[in-house]
Amino acid sequence: MTTHFPNAPLIEIVAEVEWAPRKRPDSSDGEFDAYEYVGQSPHDRRLSAAFAAAGFTQIERLIPAGFEGSGPKLKFSNPSDPAGSITYKLGDTGLSVSAIPPYQYWDQFLPEIRRGLEIILHNREDDSHPGEFVRVTLNYVDAFGEDFWAGTSRSEFLTESLGFQLSIPKAFQPRLAGGDADSFFIDSFGKTTSGDSVAIKAGFATVLGEPKVILDITVLHQSNVPADVEAVISALETAHAFIHESFIDLTRGFVDVLNREVEK
């Protein structure tokens with residue numbers, strides 16, 4: 001079990017798998033309309049029934065029924081979960097599983113990922129199920145509140161505490177009031193030692209009306225993964241280890257804040 005904290009700043013985690021789209025039938029004139037009404041497929045009905053049987057009976061259409069489009073088509077949530085902390089989004093080429101508070105830690109979330117993978121792999125058709133996943137992604141979004149930079153500022157917390165290097169070129173400084181920018185947001189990209197791609201975003205944001213420092217980390221595994229639950233879980237565990245260990249190192253000076261009990 002990984003370390004977890006009662007006052008963790010996590011506001012969302014998303015695990016996603018994607019597979020290659022099915023080939024569309026050849027058109028006699030080589031052209032396709034922008035939209036095509038195809039009706040609800042038996043496959044969509046079967047998956048909706050499977051999610052409903054697991055308690056996710058609240059279904060929201062993200063694309064009008066019967067129309068094709070990129071991205072998620074259906075969103076499933078559990079009406080018995082008043083916080084709506086776990087949701088599934090399903091499209092023709094992908095499944096995402098997301099969690100928001102009161103979700104607490106990774107070991108709570110893994111069974112939800114496993115459930116979604118089992119549903120799409122056990123309720124499949126030869127012409128619609130993924131033979132393999134072309135992309136597996138894990139995204140964590142943290143929002144650090146004022147309790148993390150009490151007595152200083154968001155800028156100092158971002159630079160001195162978290163260690164992000166931010167600077168304004170000298171050419172701008174004399175033309176800015178105070179010689180500094182009012183807000184910062186940076187993107188950086190790289191590779192993990194395991195070979196996955198990683199995107200790290202950090203900066204100032206307003207979350208639910210409050211000033212925060214956002215830390216958004218996405219680990220992307222782009223090598224093909226067999227359409228197998230354990231193979232996907234293994235790729236996600238590797239991504240989680242990178243995010244979790246990095247977070248622990250970044251916040252070593254704030255263990256007391258992280259362990260602060262939160263009123264329920």
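What covers the buried residues of α3? Among the elements doing so are β7 (135-144), β9 (197-207) and β10 (210-221). The close-ups below start there.

This is a predicted model, in which local features need pLDDT of at least 70 and side-chain atom pairs count only at pLDDT 80 or more, while totals for chains, interfaces and linings use all residues. Residues are numbered from 1 along each chain as its sequence is written, and side-chain values use heavy atoms, with hydrogens and water left out.

**View 1. Helix α3 and its cover.** Helix α3 spans residues 154-161 (helices are DSSP runs of H or I, at least four residues, and strands runs of E, at least two, numbered from the N terminus). Its buried residues (under 20% relative accessible area, 1.4 Å probe, protein chains only) are Phe 157, Leu 158 and Thr 159. Just after α3 comes Gly 163, with a positive phi of about 90°.

View 2. Strand β8 (residues 185-191) pairs with β9 in the antiparallel sense over seven bridges (pairing takes at least two DSSP bridges). Gly 190 sits opposite Val 198 in β9. Five residues lie between the two strands of this hairpin, and Gly 195 in the turn has a positive phi of about 95°.

**View 3. Helix α2 against helix α4.** The axes of α2 (residues 106-122) and α4 (residues 229-250) come within 10 Å and cross at roughly 150° (axes are lines fitted to C-alpha atoms over the stretch in contact, with angles from 0 to 180 degrees between N-to-C directions). The contact (heavy atoms within 4.5 Å) includes Trp 106 and Leu 110 of α2 and Val 229 and His 240 of α4.

Terms used. Buried means under 20% relative accessible area, exposed over 50%, partly exposed in between (1.4 Å probe, protein chains only).
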